[in-house]
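Please read this briefing alongside the sequence and the 3D view.

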Amino acid sequence: MEEQRTRRSPARGGPPWWRHGPPGWRHGPPGWSGPPGRTGGDRGDGEGRADRMPWRSTLLLTVLVLVGSQFAAHAQGGDRETLDPLARVLLLGGCALLLWRQRRPVLVAFGTAAVTLVYIGAGYPYGPVFLTAAVGCFGAVVAGHRQAAWAAIGMLWLGHLVMAHWLYHWLPPSGDRAVSWTREIGIATWGVAIVAVSELVRVRREQWARDRAERAQAAARRADEERLRIARELHDVLAHSISVINVQAGVGLALLDSDPEQARSALTTIKEASREALGEVRQVLATLRARGDAPRAPAPGLDRLPELVEQAAAAGLAVEVRGAAPKLPPGIDLAAFRIVQEALTNVVRHSGSRNARVRIEATGEALRLGVDDDGPATGADAGGSGHGLAGMRERAAALGGTIEAGARDDGGFRVRAVLPLQVKEDR
């Protein structure tokens, strides 16, 4: 069944040779390996745009040129030569060159211009033959070969100028006379218009390419920011609760035989901390799955600071809180809560002190937070020098604030955060 579907799938929208040319033409002339920087096997979705022959557009243009030239021959029957087999060969040859306008734009631009000059020099009627040169030069400009396109248009115009004003005595048809300068200016204007339109299309394509690249970069940047935000949330949600669980588990194990009641209290604290951690993890996951909807539970803020104090007390850390925060915007409130939570977690994990002080001060423009402990530090990574401190800095920077963290002269550790109360829209 899969093989049958594979065989039938190209039939939609016409047979493959209609879209990409006859069998064997898609791969270019012998020895051709594709545009610079590409190989025959590097085609993205299987067939790169530059590897495809513009078969349909060239076929339609060929029909237009042949039919239009036939009408032009009837209209100019007394002034120009009739269309003979050589004329049709030249018309077909110029159109055939356009099949390579995406692969060899410079060669096609000069080739179509040269074929058009030979056709006009042979005395055949004016008409759609100029379309082949126009399309060839258009392809060169769009491909970025501007100078080559200008040179091909200039060669065509100068060649016509020489033939129409100096060589017409020796060229067919016999008895021909010089072309008026009005028509010559019209031909020159036509050439400039072709190049101008080509330049406009090229500029628009480059702008579209830049816009696509910028959108891709913005999407990648948003994905990175979201990934970091999720990492910060999960770290802050889990680190504090797991630190409390770790401390209480050690207490419970130490007192399991000597003081069962104290061990029971430690197990109760572990149960409460794990339940809270699970609830916050579910909230984070629910927010990720909400597809843009508002989360069902409110984000934590400094109004939950008493819970942090209780959890720290259960872990053996006495926390003194000074000051109170006013009503804050949700983003600032969440960042302030997470910063204090992470700072207290670092005290529990990395400090030998069992006392900590939290200071909250709100001015007219900023919220200032401070968390201090008296040390001494325990372990090589004392002070929270890992992901937690980096997460605090990222949270503050995202709101236009700052974080200062470091050891104090008396051996303790200090965290200072300044968060603006009014975040600019462009942040």
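What percentage of the 427 residues of the protein count as buried? The share is 40%, where buried means under 20% relative accessible area, exposed means over 50%, and partly exposed is in between (1.4 Å probe, protein chains only). This is a predicted model, in which local features need pLDDT of at least 70 and side-chain atom pairs count only at pLDDT 80 or more, while totals for chains, interfaces and linings use all residues. Residues are numbered from 1 along each chain as its sequence is written, and side-chain values use heavy atoms, with hydrogens and water left out.

**Overall make-up**

- The protein has 12 helices and five strands; helices (H or I, at least four residues) and strands (E, at least two) are DSSP runs, numbered from the N terminus.
- Contact means heavy atoms within 4.5 Å. Among contacts between residues at least 6 apart in sequence, 71% join residues at least 24 apart.
- Accessible areas come from the Shrake-Rupley method with a 1.4 Å probe; for residues, only the protein chains shown count as cover.

**Aromatic pairs**

- A pair of aromatic rings is described by the distance of the centres and the angle of the planes.
- Rings of Phe, Tyr and Trp (its six-membered ring) pair if their centres lie within 6.5 Å; planes under 30 degrees apart count as stacked, over 60 as edge-to-face and the rest as tilted.
- Searching the whole structure gives two aromatic pairs.
- One of them joins Tyr 119 and Tyr 124, and is tilted, with 5.3 Å centre to centre and 35° between the planes. Tyr 119 is buried at 0% relative accessibility, and Tyr 124 is buried at 4%.
- Tyr 126 and Phe 130 form a stacked pair, because their planes are at 10°, with ring centres 6.2 Å apart. Tyr 126 counts as buried at 14%, as does Phe 130 at 13%.

**Cysteines**

- A disulfide is a covalent bond between the sulfur atoms of two cysteines. The rule used here asks for a pair of cysteine sulfur atoms within 2.5 Å.
- The structure holds zero disulfides.
- Cys 95 is buried, with 1% relative accessibility, and Cys 137 is buried at 1%.

**Salt bridges**

- Side chains of opposite charge can pair when their charged atoms come close. Here a salt bridge is a side-chain nitrogen of Lys or Arg within 4 Å of a carboxyl oxygen of Asp or Glu.
- That rule gives a count of 11 salt bridges.
- Glu 199 pairs with Arg 146, with 2.9 Å between the closest N and O atoms.
- Glu 199 is buried at 12% relative accessible area and Arg 202 is buried at 10%, whereas Arg 146 is partly exposed at 40%.
- Asp 374 forms a salt bridge with Arg 408, and their closest N and O atoms are 3.2 Å apart. Asp 374 is in the loop between β3 (366–373) and α12 (387–398) and Arg 408 is in the loop between β4 (402–407) and β5 (413–420), so the pair ties together parts that are 34 residues apart in sequence.
- Asp 374 is partly exposed at 35%, whereas Arg 408 is buried at 12%.
- Asp 374 and Arg 408 belong to a network of salt bridges that also includes Arg 357, Asp 372, Asp 410, Arg 414 and Arg 416.

**Two loops**

- Pro 54 lies in the loop between α2 (16–20) and α3 (55–75), and is buried at 10% relative accessibility.
- Leaving out residues up to four places away in sequence, Pro 54 touches Leu 98, Leu 99, Arg 101 and Gln 102.
- The C-alpha atoms of Pro 54 and Trp 100 are separated by 7.9 Å, although the two are 46 residues apart along the chain.
- Trp 166 lies in the loop between α7 (146–165) and α8 (181–255).
- Val 162, Trp 166, Leu 167, Trp 170 and Trp 181 make a nonpolar surface patch of about 610 Å². Patches are made of residues with over 30% relative accessible area and no salt bridge: like charges are joined within 9 Å, nonpolar side chains (Val, Leu, Ile, Met, Phe, Trp, Tyr) within 5 Å.
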